[in-house]
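Biologist: Please show me the chain. Then take me through its side-chain contacts.

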Amino acid sequence: MKLCCELSANQQIQTTVKGSGKGAAAAGGLAFAGGLVGGPLGIAVGGAVGGLLGCWLTSGQFKPLPQIIMELSPQQQQKLYGDLMAILGDIQWTDVAQLTALVMGNGAMKQQLTAALLSSKVISRVHRVVKKETGVPSGGVRDGGAAPFLADEWNPWEDEQVDYNSALNKKRKAFKKYLDRVDKNKPKRYRVQIWGKAAIGLYLWEHILEGPLNPTDKVAQWREGEMQSEKIDFSFYTGPAVVQGHVPLDMNSLVLVLNGREQQKVSYSTRWLEHVHALVQSQTVSHVAVVMLGNEHCNNDWIGPYLKRNGGFVDLLFLVYDSPWVNDKDVFQWPLGVATYRQFPMIRPNAQMITSNRPYLCNFLGTVYKNSSRETLMRMLKQSGLDKECITTAREKWLPQETADSLRRYQTALEQSELTLCPVGINTECYRIYEACSYGSVPVVEDVQTPGTCAAGPSSPLRLLKAAGAPFIFISDWKELPAILERERGMSQEQRVDRRRRLLEWYASFRQQMKERFTEVIEETFFKSG
């Protein structure tokens, strides 16, 4: 490096950027102009002024080569060292002074080394001055027109910038491919909207899907919520204010919750189906499922024409009660659930519910119809004297709504009883079964087929619950009740607590299974089939 400095100092070499040409042009141009105007004296004056102007134009853009060499990085110096050593070859020298004397005394070698020094890519890149003028347009003038400003400077780093930009572009492309792969591998999500136009919609949303509802006021005119299950983002709308044409439908997959239990409800449900049919025809909606509280006799023929297999538009039907239509392809059985229409809440089990000493063996609070098995139930309790160990409240007429006081008494009875007696009504499946499960009170279910067209067979009635392994007590006649209660008396508290825990765990698992089943069937049918 010292030899290089000596060479450059000896030759009085100045490495520059275009500013050197710019300064020379300014000095020469003004000297020429001065000569034309003022003769020899004008040349002197013009040259002096031009030199000053050139100095100002190129201020900071000259660097002596020795200075540049000493500012090189160690890597750059090593590169320059290799280039020059290739020219020096086998020359023998002991120190810098001797080497310098040998080179200075050899004109040819000095010329070769100087040429190599000036042509070196390292030097030609390093001596650039980064100073840039700003605010002056290309080809403009500086300071009100004092001299032309050349905005297009030579860029000695051009090759490196090209290489850098090329490498940067490759990295950007590689990163984009990576993001594309991430996006491709990211689990795809689907969106489904649920319109709850029957009370069982609340059982679906709050008890099965466990979605939130806002506002929390149960009598609000409009309630809504959102939740995720597997790959599906569900949104839910319910309440009297949810009317046709005024629901913010922002997706093309819809679940409609309806009540088809009686004719008045069927007429209302039909109007909603016709509204959804219009949305399908306008291509606003592409996929439709219906969750329906069916008729207790399983007479659901009215909805048949709406099913896609019959030329309609309903892809899926989730139907309450043991309908013979259930095929687990496009018609699936759905649980009745708790009486949400009576404001029965979602119960969260706690330790006290599981471990407490319950003061009563059983409970039955309900309507006792004339000539029904419920009369037998009440008679057996009274004859055996066990009615004093059970909470019983009988009424002769069914009441569609609970008062706050009657609902509280009913919930207290469930919470304080080991067993809940569940006689058949119009159908074997009743709300009481699910409400008892909510409190860990074991349902004692009258396991008999009721009149109607519901499916018969070894697993009926209650085939959905039986298939799920419901830990209930099934009886065919209430005359069996005294023996059941006697066995109950002989159970230890530890046994009762264990049974209670198993019932609560089963019911939680059952709801989870229904959630997964519902979600998977929707996903497979709406988004993956065809």
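This is a predicted model: local features need pLDDT of at least 70, side-chain atom pairs count only at pLDDT 80 or more; totals for chains, interfaces and linings use all residues.

Modeller: Residues are numbered from 1 along each chain as its sequence is written, and side-chain values use heavy atoms, with hydrogens and water left out.

Biologist: How many disulfides does a search of the whole structure find?

Modeller: A disulfide is a covalent bond between the sulfur atoms of two cysteines. Here the test is a pair of cysteine sulfur atoms within 2.5 Å. Searching the whole structure gives two.

Biologist: How far apart in the chain are Cys298 and Cys454?

Modeller: Their sulfur atoms are 1.9 Å apart, and they form a disulfide. Cys298 is in the loop between strand S9 (287–293) and S10, while Cys454 is in the loop between strand S15 (442–446) and helix H15 (463–467). Helices (H or I, at least four residues) and strands (E, at least two) are DSSP runs, numbered from the N terminus. The pair links distant parts of the chain, 156 residues apart.

Biologist: What is the handedness of the disulfide between Cys362 and Cys390?

Modeller: Cys362 is joined to Cys390 with an S to S distance of 1.9 Å. Cys362 lies in strand S12 (residues 360–367) and Cys390 in strand S13 (residues 390–395), so the link ties together parts that are 28 residues apart in sequence. The torsion about the S-S bond is about 105°, so this disulfide is right-handed.

Biologist: Which part of the chain holds Asp328, the partner of Arg517 in a salt bridge?

Modeller: A salt bridge is a side-chain nitrogen of Lys or Arg within 4 Å of a carboxyl oxygen of Asp or Glu. The closest N and O atoms of Arg517 and Asp328 are 2.7 Å apart. Arg517 is in helix H17 (residues 493–528), 189 residues from Asp328. Asp328 is in the loop between S10 and S11.

Biologist: Is Asp315 buried or exposed?

Modeller: Asp315 forms a salt bridge with Lys308, the closest N and O atoms being 2.6 Å apart. Lys308 is partly exposed, at 43% relative accessibility. Asp315 has a relative accessible area of 12%, so it counts as buried.

Biologist: How many residues apart in sequence are Asp250 and Arg191?

Modeller: These two form a salt bridge, with closest N and O atoms 3.1 Å apart. Asp250 lies in the loop between S7 and strand S8 (253–259), and Arg191 in strand S5 (residues 190–196). The pair therefore ties together parts whose separation in sequence is 59 residues.

Biologist: What kind of aromatic pair do Phe318 and Trp334 form?

Modeller: Rings of Phe, Tyr and Trp (its six-membered ring) pair if their centres lie within 6.5 Å; planes under 30 degrees apart count as stacked, over 60 as edge-to-face and the rest as tilted. Phe318 and Trp334 are both buried. Their ring centres are 5.8 Å apart and their planes at 75°, so the pair is edge-to-face.

Biologist: Which ring does the charged end of Arg511 sit over?

Modeller: A charge sits over a ring if NZ of Lys or CZ of Arg is within 6 Å of the ring centre and within 35 degrees of the ring normal. The charged end of Arg511 is 4.6 Å from the ring centre. That ring belongs to Tyr507.

Biologist: What accessible area do Phe175, Tyr178, Leu179 and Val182 have together?

Modeller: They form a nonpolar patch on the surface. Patches are made of residues with over 30% relative accessible area and no salt bridge: like charges are joined within 9 Å, nonpolar side chains (Val, Leu, Ile, Met, Phe, Trp, Tyr) within 5 Å. Accessible areas come from the Shrake-Rupley method with a 1.4 Å probe; for residues, only the protein chains shown count as cover. The value for the four together is about 370 Å².

Key:
Buried means under 20% relative accessible area, exposed over 50%, partly exposed in between (1.4 Å probe, protein chains only).
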